[in-house]
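Open the model in your viewer and keep the selection panel at hand. The stops below say what to select and what is there.

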Amino acid sequence: MTGPDPTDAAGTVPTWDEVARDHTRFMYSVAYRLAGNHSDAEDVVQESLLRVKRGLVNYTPGSLQGWLARIVTNVFLDETRRRKRRPQTALPDDPDRVIAGGPGADEALAMQSLPDHIQAALAGLQEEFRIAVILCDVAGMSYGEIADHTGVPVGTVRSRVHRGRMRLREVLS
Amino acid sequence: MNDDWLSAHLDGELPAIEATELAAALAEDPRLQADYDDLSRVRAMLREGTVELPAGTIERLVAAVAADEESPESAAAAPVVSLVSRRRVPTFAAAAAAMVIIASVVGGLGGSTNLPALGDLIDQHEAAAGVIEGAPMPDELHDMDVMPMEKATSEAPPMPADYSMEHAFVRGRTLHLVYRTLDGEPVSVFRHEGDADVNDLGGGSVVSSDEADMWSAPMDNAYVAVVDGTGYVWIVISAEPHDDMMGDLMHDLPTRSASLGERLRDAADAVVEPFRL
């Protein structure tokens, strides 16, 4: 999932069709790990694709997946911030959230490659830890890239990645 | 050594000297080695795990975006608004029509990907406003560094004399200046290093001059203005219930004020003026 970014070597700006064809699955993976369910992940990806389409003219060749992950994260944060201000709807990132009952068919399908208890623990992480872990381990971004995107020092990123993983490790043990 | 050396080493982010020290510690401490192995397993699980999608999901999402962009309706109006209002399903299960209207504004705010998430900045503004009222420092501000007022004053744009600077925070490339007007209204001015295309923000009003472009819109309980300056993007946020006040005044700005500082003053005035009436 975090393999080499093909545009790094090419140094060219891809077309939107190319991004949509080759990277929507990557964007979906990031969105799903952030949102924790398919419905919200689809909304995030759809909005992200639109922003990609409009933003490609400003894209500077480099880490395309890093750029895409930043867009997906921004969309997710915009939506969750809005929901936080309207607490009548359940939040995916509520630290006290309890994953009730078994997963639906879609969720079960998506969790095939990631144990349920890990996915649930990931969804239950505090937002800053979850984002740091996902940007590092799902999007494959360096600490420096994550720091630049989230606006916190590299040391804070390092701490968040570690603390997030430690929480997940507690679930494993 | 710090605990987070373990993860940093796994990620290849630990400096060589510390890596050497960690290797020695791992060799001597079986419990530390066990922690390291566990973290390595978690990391591998996350990196190798894939999300299996229901059939046709990607094709459906791509087609929805392509269709939205190609429709005459979206070409004639602010496209972000049209996308959200015709989404596959209400975004994030939004139930109320009012919420969809707001979503149409919020949904466009990532068009300029250099900008921090504006929802985050609104949260920071609201948190700072609470601090002005005497509330303890909330989580939104914990990760920010407090900038000395003298330095903050030198970094600040020209502001009206009756605006007093109350707090200044900095995080990464973003400076957050918190003002209070004579009426007690908090106004946040964010200075973010970088550029933005305000025409990509969608859903709001855009005015342009030779010096800068400005975008503004109501978001939730706040008014937000984004000015694309030279090397900096300025974001002004304040709470105000008059939905179209900011947008209307923005259109007068190019002729009313030439400098960025004056334009910011006008933006702030637009937000707080109703409280003075």
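The tour starts with numbering and confidence, then moves through each chain.

**Before selecting**

Residues are numbered from 1 along each chain as its sequence is written, while chains are lettered from A and ligands numbered from 1 in the order in which they are written. This is a predicted model, where local features need pLDDT of at least 70, side-chain atom pairs count only at pLDDT 80 or more, and totals for chains, interfaces and linings use all residues.

**Colour by confidence**

Colour by pLDDT, the predictor's confidence in each residue, from 0 to 100. The predictor gives the complex an ipTM of 0.73 and a pTM of 0.52.

Take chain A. Its mean pLDDT is 75, and 73% of its residues reach 70 or more. Select residues 86-112 of chain A: pLDDT is below 50 there, and the model has 37 contacts for this stretch beyond near neighbours in sequence. Two residues are in contact if their C-beta atoms, placed from the backbone, lie within 7 Å.

Now chain B. Its pLDDT averages 68, with 61% of the residues scoring at least 70. Helices (H or I, at least four residues) and strands (E, at least two) are DSSP runs, numbered from the N terminus. In chain B, helix α1 (residues 5-10) has the highest confidence, at a mean of 94, and helix α6 (residues 79-85) the lowest, at 26. Select residues 72-113 of chain B, where pLDDT is below 50 and the stretch has 89 contacts beyond near neighbours in sequence. Then select residues 273-277 of chain B: pLDDT stays under 50, and the model has six contacts for them beyond four places in sequence. Where pLDDT is low, the predicted coordinates should not be read in detail.

**Chain A, overall**

Switch to a cartoon of chain A. It has nine helices and zero strands. Of its 173 residues, 51% are buried. A residue is buried if 20 or more other C-beta atoms lie within 10 Å of its own, exposed if 12 or fewer, and partly exposed in between; C-beta atoms are placed from the backbone. Among the chain A contacts with a separation of 6 or more, 71% link residues 24 or more positions apart.

**Helices α6 and α9 of chain A**

Select residues 116-124 and 154-172 of chain A. How do these two helices, α6 and α9, cross? Their axes come within 9 Å and cross at roughly 145 degrees. Axes are lines fitted to C-alpha atoms, for helices over the stretch in contact, and angles run from 0 to 180 degrees between N-to-C directions. On the α6 side, A:His117, A:Ile118, A:Ala121 and A:Leu122 meet A:Arg167, A:Leu168 and A:Val171 of α9.

Stay on α9 and pick A:Arg160. Is A:Arg160 buried or exposed? A:Arg160 is buried, because 27 other C-beta atoms lie within 10 Å. Beyond four places in sequence, A:Arg160 is in contact with A:Glu128, A:Phe129 and A:Ala132. Draw a distance from A:Arg160 to A:Gln126: they are 34 residues apart in sequence and 9.9 Å apart, C-alpha to C-alpha.

**Helix α7 of chain A**

Select residues 127-137 of chain A. Nine of the eleven residues in α7 are buried. Among them are A:Phe129, A:Arg130 and A:Ala132.

**The largest nonpolar core**

A nonpolar core is a set of buried Ala, Val, Leu, Ile, Met, Phe, Trp, Tyr and Cys residues joined through C-beta atoms within 7 Å. The largest has 93 residues; A:Val30, A:Ala31, A:Val72, B:Val224 and B:Val226 touch the most other members. Helix α2 (residues 16-35) of chain A gives the most, ten residues. Domain 1 (5-48) and domain 3 (118-276) of chain B both contribute, so the core lies between them. Domain bounds come from an automatic or database domain assignment.

Pick A:Ala31. Beyond four places in sequence, its contacts are A:Ala41, A:Val44, A:Val45, A:Val72 and A:Phe76.

**Chain B**

Show chain B as a cartoon: 13 helices and eight strands. Of its 277 residues, 43% are buried.

Pick B:Leu53, in the loop between α3 (30-48) and α4 (57-70) of chain B. B:Leu53 counts as buried, with 20 C-beta neighbours inside 10 Å. Leaving aside neighbours within four places, B:Leu53 is in contact with A:Tyr28 and B:Ile58.

Finish at B:Val206, in strand β5 (residues 205-208) of chain B. Beyond four places in sequence, B:Val206 is in contact with B:Val198, B:Asn199, B:Asp213 and B:Trp215.
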